[in-house]
Amino acid sequence: MSTPVTLIGLGPMGQAMVRTLIAAGHPVTVWNRTPSRADALVAEGAVLAASPAEAVAASDVVLLSLTDYAAMYDVLGEATDALRGRAVVNLSSDTPGATRAAARWATAHGATLVAGGVMTPAPGVGTADAYVYYSGPEAVFREHEATLALLGAPRYLGADPGLAQLLYQAQLDVFLTALSGVAHAAALAQAAGVPPTQFVPEALRTLVETPAMIGADGAAGAEFETGVHPGHLSTATMMGATAAHVLGASEELGVDTVLPRAILSHYEAALAAGHGRDNWSAIFEVIKARTPAAQGVGGGS
């Protein structure tokens with residue numbers, strides 16, 4: 001028989017996880033501050049717990065899908081007596097430091113925390129394209145890996161519970177910056193009389209074509225890692241001039257300038273550091289952390 005699973009937090013992501021687990025035959029106990037969110041899930045086979053303590057006691061593995069890690073304390077603070085011996089898999093979003101603090105809190109209450117970052121929107125949970133970063137004690141992760149794999153392909157990163165959060169936030173850095181870029185570009189186009197419905201498909205095509213432009217084989221990553229930035233086509237000088245033109249166009253058209261100013265600042269800093277003839281990837285040298293403590297993430301739990 002499939003192992004029982006508890007899931008706390010029934011937003012769109014939590015609901016998608018519950019349905020995926022039920023479909024795979026797992027008995028699922030759920031809890032949410034607004035109980036009515038569980039109505040449809042109960043009709044599909046989930047069991048609604050009357051309290052967080054009851055929910056935690058129902059399973060050896062407890063999945064959390066909450067707004068942030070502070071919400072974990074709010075919810076599980078009512079269930080600390082039930083936590084002993086449980087694996088708490090927190091799939092909520094927060095900082096690496098907050099995740100490490102949560103791991104210490106779980107340990108103090110006799111539980112083990114495994115951190116996760118789900119790299120798919122709710123409709124993608126359980127599909128072939130979904131994957132999830134995990135970090136924390138490997139033995140506990142391996143014990144529940146088969147169950148967790150139902151949500152998306154698990155990518156275990158190491159014992160430091162902050163690692164999964166760090167890579168999750170790094171991926172969101174790419175995603176959110178791209179969304180702001182599309183919105184800013186659409187605002188520029190609209191200010192010139194081109195409606196967003198006409199322009200946005202072209203902007204999305206640029207996103208799709210970007211890997212081929214910068215090296216889909218990971219060339220940029222190699223340049224970031226080695227610090228060698230051979231300049232030939234897209235030098236920091238050329239890209240900096242382009243960034244200045246984007247800023248100028250934004251100023252002329254009255255579009256918000258925060259994003260283009262930030263981008264230009266990277267190229268200005270790279271040029272000031274002597275990277276004008278290097279590839280655009282040299283901006284990494286002025287963006288990256290400067291101290292060993294800031295660069296390291298293996299701070300333990």
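1. Two strands pair if DSSP finds at least two bridges between them. Helices (H or I, at least four residues) and strands (E, at least two) are DSSP runs, numbered from the N terminus.

2. A word on where this comes from. This is a predicted model, in which local features need pLDDT of at least 70 and side-chain atom pairs count only at pLDDT 80 or more, while totals for chains, interfaces and linings use all residues. Residues are numbered from 1 along each chain as its sequence is written, and side-chain values use heavy atoms, with hydrogens and water left out.

3. Now the chain as a whole. Its secondary structure comes to 13 helices and 8 strands, and its C-alpha atoms fill a box of roughly 60 × 45 × 30 Å, taken along the principal axes. Of the 301 residues in the chain, 40% are buried. Buried means under 20% relative accessible area, exposed means over 50%, and partly exposed is in between (1.4 Å probe, protein chains only). Take the contacts between residues at least 6 apart in sequence: 63% of them join residues at least 24 apart. Contact here means heavy atoms within 4.5 Å.

4. Which strands does strand 1 pair with in the parallel sense? Strand 1 (residues 5-8) pairs that way with strand 4 (residues 61-64), over 4 bridges, and T6 has V62 as its bridge partner there. Strand 1 also pairs in the parallel sense with strand 2 (residues 28-31), again over 4 bridges, and in strand 2 it is V30 that stands opposite L7.

5. Look at the side chains of strand 1 next. In a regular strand the side chains alternate between the two faces of the sheet. Here V5 and L7 point one way, T6 and I8 point the other way, and all are buried.

6. Is T29 buried or exposed? T29, which lies in strand 2, counts as buried because its relative accessibility is 12%. Leaving aside neighbours within four places in sequence, T29 is in contact with V5, T6, L7, V47, A49, A55 and A58.

7. G14 lies in helix 1 (residues 12-23) and, at 0% relative accessibility, counts as buried. Apart from neighbours within four places in sequence, G14 has contacts with L7, G9 and S65. G14 and L64 are 50 residues apart in sequence, and their C-alpha atoms are 8.0 Å apart in space.

8. A146 is found in helix 6 (residues 138-148) and is exposed, with a relative accessible area of 64%. A146 and I287 are 141 residues apart in sequence and 38 Å apart in space, C-alpha to C-alpha.

9. On to helix packing. Two packed helices are described by the angle between their axes and the distance between the axes. Axes are lines fitted to C-alpha atoms, for helices over the stretch in contact, and angles run from 0 to 180 degrees between N-to-C directions. The axes of helix 10 (residues 236-253) and helix 11 (residues 258-272) come within 9 Å and cross at roughly 150°. Helix 10 and helix 11 are therefore roughly antiparallel to each other. Angles under 35 degrees count as roughly parallel, over 145 as roughly antiparallel, 65 to 115 as roughly perpendicular and the rest as oblique.

10. What meets what in that pair? From helix 10, the residues include A236, M239, A243 and L247, and from helix 11 they include P260, I263, L264 and L271. The residues of this contact divide into 11 nonpolar, 3 polar and 2 charged. Ala, Val, Leu, Ile, Met, Phe, Trp, Tyr, Cys and Pro count as nonpolar, Asp, Glu, Lys and Arg as charged, and the others, Gly among them, as polar.

11. Helix 7 and helix 10 pack at an angle of about 50°, with their axes 10 Å apart. That makes helix 7 oblique to helix 10. H184, L188 and A191 in helix 7 meet V246, A249, S250 and L253 in helix 10. By class, this contact has 5 nonpolar, 2 polar and no charged residues.
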